[in-house]
Amino acid sequence: MKTWIKDPTAVWTGNDQTAPRGIVVEDNRIIELVSEDPKTDVDEIFDATDQVLLPGLINCHHHFYQTLTRAFPDALDKELFEWLVSLYPIWANLDEDAIRASTTTALSELLLSGCTTTTDHHYVFSESTGQAIDVQADVAKQLGIRAILTRGSMSLGKSSGGLPPDKVVQSPDEILRDSERLISAYHDDSEDAMLQIALAPCSPFSVTTELMKDSAELARKHGVQLHTHLAETLDENEFCMEMFGMRPVDYLEDVGWLADDVWLAHGIHFNDDEIQRLGKAGVAVSHCPSSNMILASGSCPVPALGAAGSPIGLGVDGSASNDCSNMMQELRQAFLLQRLAHGASAFSHHDALRVATQGGAQLFKRSGIGELAAGKLADVALFDLNDLRFSGAGDPIAGLVLCGAHQASAVMVNGQWRVRNSALVDVDLERVRADHISAAHKLWNV
Ligand SMILES: [Zn+2]
């Protein structure tokens, strides 16, 4: 089956190739960028008139379960540590129905915003959420999004000097055993994998040093990536100095994580020397601008980290600190925050599109995604410009970012349409919303 996505208003390929008349997709791959007419006979035409065509967006950091505590009254107007302490007791009551409802909601929002590949960092486990990652894997498969699910963990409870209550931490043995089970059940290392697993101890203030080291050893034994939160706040710097006698990057090196199979969420409070060390080691960073602004954490030095050699992706982060899962809006937030921090010429709309596509592909070491070219996987997003917010826009690509696109008109993942006419294919969104609202109410009222 060959589909010609025909005559978009503009195409951003993410490389130096052009596709003025669109692209041709066969099965799950792009087979041609079209200049005049397709060189091959096509079976089907998708009319892309008045739409902008992009590579599918790649989300590098999220906590799907947090969609259940958006705009949560007790957590408003707080910085990270106080915000977490307000929410941990609520999250401790999660169950697998709540995981299913929140994962479905987050993935639906992501797809509708043009996202075709996402990660999730689930780290709250209790007796009622032992199968959380299995549930997420099932939902991702049903919705047809490409996913890198991380087996998160917390092992340093309050009684041992950590931040989370003891109720939500697990023993290292339990964590490592379940991590290994998930890798063997779900991790696919092929180029067109729809599902991969990574290991993700939550943060220096919620995990023991031994678990950081053991997780790295286990990940490397199986060839999966490592993920954690790092250098998000000054409170975390102070915690690391007090608890370990060193700054977060020194701690990262001490536990064997200063390496190119690691991606960090946030990466804000680094000095110049640390930026060079991270770049030289190839440690990747997911920039999470909305969350960083809401929690007043600071801003990631994206241009300097990129120049030093770190792959930089973009993440919406958990919905309790964003509080939405919209990748196109996040891309605009990165554009605004990086310009405010580093100047108008330091970060263009192309740079914002790049971190949301190729940056994510590099971060996840996925050569098949993140750009439009013959041979790449058919992960694409289209945005309709027939909306008042784009009226009068001179440059349609710049207009997407500057005028605030937020709703994809069509999204294809691995050659399958998942969004058509600005709606999810074969998903009853009202039902998704009703299930999610009832799961949220149940969680708050336990
Ligand atoms: Zn996070």
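**Helix packing, sheets and domains in a predicted model**

Pro 172, Ile 175, Leu 176, Ser 179, Glu 180 and Ile 183 of helix H4 meet Glu 210, Leu 211, Asp 214, Leu 218 and His 222 of helix H5, where a contact means that the C-beta atoms of two residues, placed from the backbone, lie within 7 Å. Helices (H or I, at least four residues) and strands (E, at least two) are DSSP runs, numbered from the N terminus. The model is predicted: local features need a pLDDT of at least 70 and side-chain atom pairs count only at pLDDT 80 or more, while totals for chains, interfaces and linings use all residues. Residue numbers start from 1 along each chain as its sequence is written.

By class, the contact of H4 with H5 has 6 nonpolar, 2 polar and 3 charged residues. Here Ala, Val, Leu, Ile, Met, Phe, Trp, Tyr, Cys and Pro count as nonpolar, Asp, Glu, Lys and Arg as charged, and the others, Gly among them, as polar. H4 spans residues 172-186 and H5 residues 209-222; their axes come within 11 Å and cross at roughly 20 degrees. That makes H4 roughly parallel to H5. Axes are lines fitted to C-alpha atoms, for helices over the stretch in contact, and angles run from 0 to 180 degrees between N-to-C directions. Angles under 35 degrees count as roughly parallel, over 145 as roughly antiparallel, 65 to 115 as roughly perpendicular and the rest as oblique. H4 passes H5 in a right-handed crossing; a crossing is right-handed if the near helix is turned clockwise from the far one by less than a right angle, and left-handed if anticlockwise.

Two other helix pairs can be described in the same terms. The axes of H11 and helix H12 (residues 349-356) come within 9 Å, with a crossing angle of roughly 130 degrees. H11 is therefore oblique to H12, and the crossing is right-handed. On the H11 side the contact is made by Met 327, Leu 331, Ala 334 and Phe 335, and on the H12 side by His 349, Ala 352, Leu 353, Val 355 and Ala 356. These residues divide into 8 nonpolar, 1 polar and no charged.

Helix H2 (residues 96-112) packs against helix H15 (residues 429-445) at an angle of about 135 degrees, with the axes 9 Å apart. H2 and H15 are therefore oblique to each other, and H2 passes H15 in a left-handed crossing. H2 contributes Asp 97, Ala 98, Ala 101, Ser 102, Thr 104, Thr 105 and Ser 108 to the contact, and H15 contributes Leu 429, Val 432, Asp 435, His 436, Ala 439 and Leu 443. The contact of H2 with H15 has 6 nonpolar, 5 polar and 2 charged residues.

Next come the sheets. An open sheet of 4 strands has the order S4-S3-S1-S5, with mixed pairing; two strands pair if DSSP finds at least two bridges between them. Its edge strands, S4 (29-33) and S5 (44-47), each pair on one side only. From one strand to the next, the twist averages 25 degrees. Within this order, S1 (residues 2-6) and S3 (residues 22-26) run antiparallel and are joined by 5 bridges. Lys 2 stands opposite Glu 26 in S3.

A further open sheet, also of mixed pairing, has 6 strands in the order S2-S6-S15-S16-S17-S18. Strands S2 (10-11) and S18 (423-424) stand at the edges, each with a single partner strand, so one side of each is left without a neighbour in the sheet. S2 and S6 pair in the parallel sense over 2 bridges, and the bridge partner of Ala 10 in S6 is Val 52.

The domain assignment, which is automatic or from a database, gives domain 1 (2-55 + 369-424) and domain 2 (57-363). Their C-alpha centres lie 29 Å apart, and 28 residues of domain 1 are in contact with 29 residues of domain 2. The elements giving two or more residues to the domain 1 side are S6 (51-55), S15 (380-384), H14 (396-402), S16 (410-413) and S17 (416-420). H14 provides the largest share of that side, 4 residues. By class, the side has 17 nonpolar, 8 polar and 3 charged residues.

Two backbone details remain. Most residues other than glycine have a negative phi, and most peptide bonds are trans. The peptide bond from Asn 322 to Asp 323 is cis, with omega near 5 degrees; Asp 323 lies in the loop between strand S14 (312-314) and helix H11 (327-342). Lys 365, not a glycine, has a positive phi of about 55 degrees, and is found in the loop between helix H13 (358-363) and S15.
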